[in-house]
Amino acid sequence: MLELSFHVTGEAYNINTLTDVQKSIIKDLADLGLVKLQQGRKESWFIPTKLATNLSVSLSDASSRKQGFVVVETNFRLYAYTSSKLHRKILELFSRIEYELPNLTVAAITKDTLSEAFQCEITAEQIISFLQQNAHPRVAERTPRVPENVTDQIRLWESDMNRVDMTPSYFYDEFPSKEVFEDACDFAREYGGLLWEDSKRMRLLVKAEIHMQMREHLRRQK
């Protein structure tokens, strides 16, 4: 599940990229609401949901509520006094691991690592809450538990990520059949140009850069 949190929420991934073990459990993950499964004309796809990311982050809250383990410094370096592999995996979601000792992990919070976390729909408030709730006892009594310059910068970097980006695109609808629609979705995914789809109403949005290829593809389907 922690590996799943590294995928971008809402983006479709080809099931053929999974190992045999991962393929065997993907339906169970779908039943739990962690992924959505889509069957195209030729290929099958899985789409991670926001629940997968939220659950992986919240796991540490339950496992470490009794004893905090994180110390955050004003230079954006954090020290995690833990031997838990789960804790280290969660830290990797938003920080760069620099050193690992049996009972200590040293990591750094950077703009790049936070950008990757935000792209996985982990929010700034989730990260800050995690650091605060898991503060080591020697800093847990401080106010604030996490330096203000760190929390302010995390929120600022998130606001930079949330700026609206304009993506030239084309809208397609009125497909003659479900088969043609699913084939068009598969084609757009293979070219990395699928932005949005509505399976019920058979509508999709693709990047402008593949518009000509899509038109030619649809013309051949007639």
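**Entry 1: helix α9**

I began with helix α9 (residues 211-221), where E216 and R219 both lie, three residues apart, about one turn of the helix. The model I am reading is a predicted one. I looked up the side chains of this pair and found a salt bridge between E216 and R219, with the closest N and O atoms 2.4 Å apart. I then checked the accessibility of E216, which has a relative accessible area of 31% and is partly exposed. I also noted a network: R77, R96 and E98 are joined by salt bridges that share partners.

Are R189 and D186 buried or exposed? I recorded R189 as buried, at 13% relative accessibility. D186 is also buried, at 3% relative accessibility. Both values fall under 20%, the limit for that term.

**Entry 2: helix α3**

I next looked up E92 and K89 in helix α3 (residues 85-92); they are three residues apart, and the separation is about one helical turn. Their side chains meet in a salt bridge, with an N to O distance of 4.0 Å. The criterion places the nitrogen within 4 Å of a carboxyl oxygen. For accessibility I noted 30% relative accessible area for E92, which is partly exposed. K89 counts as partly exposed too, at 39% relative accessibility.

**Entry 3: the count**

How many salt bridges does the rule give? I recorded eleven.

**Entry 4: H136**

Where is H136 found? I located H136 between α5 (124-133) and α6 (137-140), in the loop that links the two. H136 has a relative accessible area of 19% and is therefore buried, the term applying under 20%. I then listed the residues in contact with H136, leaving aside neighbours within four places in sequence. The list consists of G68, F69, V70, V71 and Y81.

Note on methods: Residues numbered from 1 in each chain as written. Predicted model: local features only at pLDDT ≥ 70, side-chain atom pairs only at ≥ 80, totals over all residues. Heavy atoms only, no water. Helix = DSSP H or I, 4+ residues; strand = E, 2+ residues; numbered from the N terminus. Buried < 20%, exposed > 50% of the residue type's maximum accessible area, 1.4 Å probe, protein only. Contact = heavy atoms within 4.5 Å.
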